Amino acid sequence: MSDTPSPAPAAPPEAPPKVNGGRNLIILCLGAILIAIITTGFSLWAYRQNDIYLDRSRPGFIAEGEKNEEEVLEKFSDEGEIDAAVLEQYLSEFDYVKGKIDGLSNSFSDGPLADKNFLFDDDDNSSADSASENTP
Amino acid sequence: MKRKIAVSVLAVFFALVSAQASYARDLSDEEQGVISQTCASIQLQLKNIQKTDSKNRVTLGSYYETVNTNLMLSLNVRLVKNNRANADLTTMQTNFAQEREIFKTVYTDYQRELDVLIATDCREKPQEFYNELEKVRTKRAKVHSSVGRLRNILTQHRQAVVKLQEAF
C-alpha cells in the first residue's frame, strides 16, 4: 500500500454557457429595424431641410417639359499662356454666361407677391401675369 | 434682483412677440373678405410662383456654378501659373463663392416660408395668411438682394479683367 494520496476526484465538467438563440435573434432584428428607422428618418429630415427645394423630380412638382433648358458650357482652360487675346476669349465666354444671369435678374422681385395680386378680384389682374413676370 | 431680471426677460419676450405680431398691417374686413373669397385662386397662384422660383433657382444655381468654377477659378489658377496672380480677382472669386452660399441659404429659408404660406388656410384665417405673406415677402427680398449682389460681383470682375487685359 502506498502512502500517495489518491487523486482528487475530477471536477464535474462545466456546463456550456446557456445561449438563448431565439431571444438574441429577436434583439438583432429589432435593433436592425430601429437603426433603419433612425437613419431613414434622419435622411428624410435632411432632405426636407434643403434638398426638397431643389428636387424638381418630386412627384407632380415640375413636369419634364416645363423645366428650363440646361446647357453644358465649356470650361476655360487653366493651362497655357496669358495674354490679351486669351483674356478676350475669356471675356467672350464670361459675357455669354453673364448675359444669361442678367436675363434672370428680375427673379425673386417683389411683384408676384404684391398686394395687388391678393387683395383685388381676379378681374383686376391675373395670376398668369404675375407668374410670367418671374419667368425668364 | 432675480425678480428684476425675470421682469426684464419677460418684457423683452413680449416686445419681441408683439413685434412679430405687428409684422403685417391689419387688414380691413373688406380685404379679409377678398382673400377668403379668392382663396383657391390665391393658392394656385402661389403654387405657380413656387414652381417658377424653383426653375429659376436651379437655372441660376447652374450658371453661378459655371461662372465660379469654370471661369473665375480657372482664370485665377492660370494667372498664378503664369506668375501673374491678381489679388483683386482672387478676392472677387472668394466673395462670389461666399455670396453663392448665402444665396442657397436665403433661398431655402424663403421656400420653407412659402410652404408655410401655401399651407395656411386663407379662407378661414385671412389675417393670419396675410401675416405669413409679409414674412414670405421679407424672405423673398433677401433672395432678390443676394441675386443683385452676385450680379454686382460679376460686373466688378469683368471690369477687373478688362483692366488686366489693358495692361498687356
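Axes here are lines fitted to C-alpha atoms, for helices over the stretch in contact, and angles run from 0 to 180 degrees between N-to-C directions. Helices (H or I, at least four residues) are DSSP runs, numbered from the N terminus. This is a predicted model, in which local features need pLDDT of at least 70 and side-chain atom pairs count only at pLDDT 80 or more, while totals for chains, interfaces and linings use all residues. Residues are numbered from 1 along each chain as its sequence is written, and chains are lettered from A in the order in which they are written.

With that in hand, look at α4(B) and α5(B), which pack at an angle of about 165 degrees with their axes 9 Å apart. That makes α4(B) roughly antiparallel to α5(B) (the term applies to angles over 145 degrees).

Now turn to where the chains meet. Chain A and chain B each give 50 residues to the contact, two residues being in contact if their C-beta atoms, placed from the backbone, lie within 7 Å. On the side of chain B that touches chain A, α2 (29-37), α3 (39-81), α4 (87-119) and α5 (126-167) of chain B each supply at least two residues. The largest share of that side, 26 residues, comes from α3(B).

Finally, zoom in on V67(B), which sits in helix α3 of chain B. V67(B) counts as buried because it has 25 C-beta neighbours inside 10 Å; the cut-off is 20 or more other C-beta atoms within 10 Å of its own. Not counting residues up to four places away in sequence, V67(B) touches V97(A), M72(B) and L154(B).

Technical notes: Parallel < 35°, antiparallel > 145°, perpendicular 65-115°, else oblique. Buried ≥ 20, exposed ≤ 12 C-beta atoms within 10 Å, placed from the backbone.
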